[in-house]
Amino acid sequence: MKFLFTTESYPPVICGVSNVTKNICERLVSRGHTVTVATSKCGRDYSFLENVEIKEFDITGNIVTGYNGNTRDYIDFVINFECDVLVCECTQIWSTDLLLPNLEQALAKIKILHSHDFSVMKIKPKNPFSRIKWIWYYWKLSKLIWKFDRVFIL
């Protein structure tokens, strides 16, 4: 099978999400699957890591702060990527949130949201304007999450 993972962080970036995603991707490759990861640009000088293909996008930001970078190239890459399974790692990050309005157009046969947490629901922003934007975000997410075939929350 052919997999595409979208995530804001992937090694050499070190965090819980990148560690979990790396382990899942490498395990799938070891079982004979083809895996590509679409992620943030972070100065890598390689396009493969442990037989996982890495496609970098120079994008930063989120729904509250706004996005910087060529978001259209990223969206076009993901929706036109022919694969069996698309896995979007996390919400509240550009790599998933940019795709939500366009998810139905994606050529992937199966679309999965792999959420690690909904942190803003637990830790309320101090800025009232940010808080309103996040309330709106979760309302919108509750409508768009149904575009995924499966939702897996750690």
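Predicted model: local features only at pLDDT ≥ 70, side-chain atom pairs only at ≥ 80, totals over all residues.
Residues are numbered from 1 along each chain as its sequence is written, and side-chain values use heavy atoms, with hydrogens and water left out. Helices (H or I, at least four residues) and strands (E, at least two) are DSSP runs, numbered from the N terminus.

- An open sheet holds 7 strands in the order 3-4-2-1-7-8-9, and the pairing is mixed; two strands pair if DSSP finds at least two bridges between them.
- Strand 3 (48–49) and strand 9 (150–153) sit at the edges with a single partner strand each, so one side of each has no neighbour in the sheet.
- Strand 2 (residues 34–40) and strand 4 (residues 52–57) run parallel, joined by 5 bridges.
- Ser-40 stands opposite Phe-57 in strand 4.
- Strand 3 and strand 4 are antiparallel, with 2 bridges, and Leu-49 has Val-52 of strand 4 as its bridge partner.
- The hairpin of these two strands has 2 residues between them, and Glu-50 there takes a positive phi near 55°.

**Helix 1**

- Helix 1 (residues 16–30) lies across strand 1 (2–6), strand 2, strand 3, strand 4, strand 7 and strand 8 (110–115), and runs at about 170° to strand 1. For that angle, axes are lines fitted to C-alpha atoms (for helices, over the stretch in contact), and angles run from 0 to 180 degrees between N-to-C directions.
- Its 15 residues should span 21 Å at 1.5 Å a residue, and the end C-alpha atoms are 21 Å apart, which agrees. The expected span is 1.5 Å times one less than the number of residues.
- Which residues of helix 1 are buried? They are Val-17, Ser-18, Thr-21, Cys-25, Glu-26, Leu-28 and Val-29. Buried means under 20% relative accessible area, exposed over 50%, and partly exposed in between (1.4 Å probe, protein chains only).
- On the face turned away from the buried side, helix 1 carries the exposed residues Arg-27 and Ser-30.
- After helix 1 comes Gly-32, with a positive phi near 95°.

**Helix 5**

- Helix 5 has 17 residues and reaches 24 Å from first C-alpha to last, close to the 24 Å expected at 1.5 Å a residue.
- Ser-130, Trp-134, Tyr-137, Tyr-138, Leu-141 and Leu-144 are its buried residues. Seen down the axis of helix 5, they fall within an arc of 125°, so they line one face of the helix.
- The face of helix 5 turned away from that buried side carries the exposed residues Pro-128, Phe-129, Ile-132, Ile-135 and Trp-139.

**Cores**

- The largest nonpolar core has 29 residues, and those with the most contacts inside it are Leu-4, Phe-57, Tyr-74, Phe-77, Val-78, Leu-86 and Phe-148. Such a core is a set of buried Ala, Val, Leu, Ile, Met, Phe, Trp, Tyr and Cys residues joined through side-chain atoms within 4.5 Å.
- Helix 2 (71–80), strand 7 (85–89) and helix 5 (128–144) are the elements that give two or more residues to this core.
- Apart from it lies another core, of 13 residues, including Leu-28, Val-37, Ile-54 and Val-87.

**Single residues**

- Leu-4 belongs to strand 1 and counts as buried at 0% relative accessibility.
- Leaving aside neighbours within four places in sequence, the contacts (heavy atoms within 4.5 Å) of Leu-4 include Thr-36, Phe-77, Val-78 and Leu-86.
- Leu-4 and Asp-84 are 80 residues apart in sequence and 8.3 Å apart in space, C-alpha to C-alpha.
- Asn-102 lies in the loop between helix 3 (94–97) and strand 8, and is buried with a relative accessible area of 13%.
- Pro-12, in the loop between strand 1 and helix 1, counts as partly exposed at 45% relative accessibility.

How values were computed
Arc of directions from axis to C-beta.
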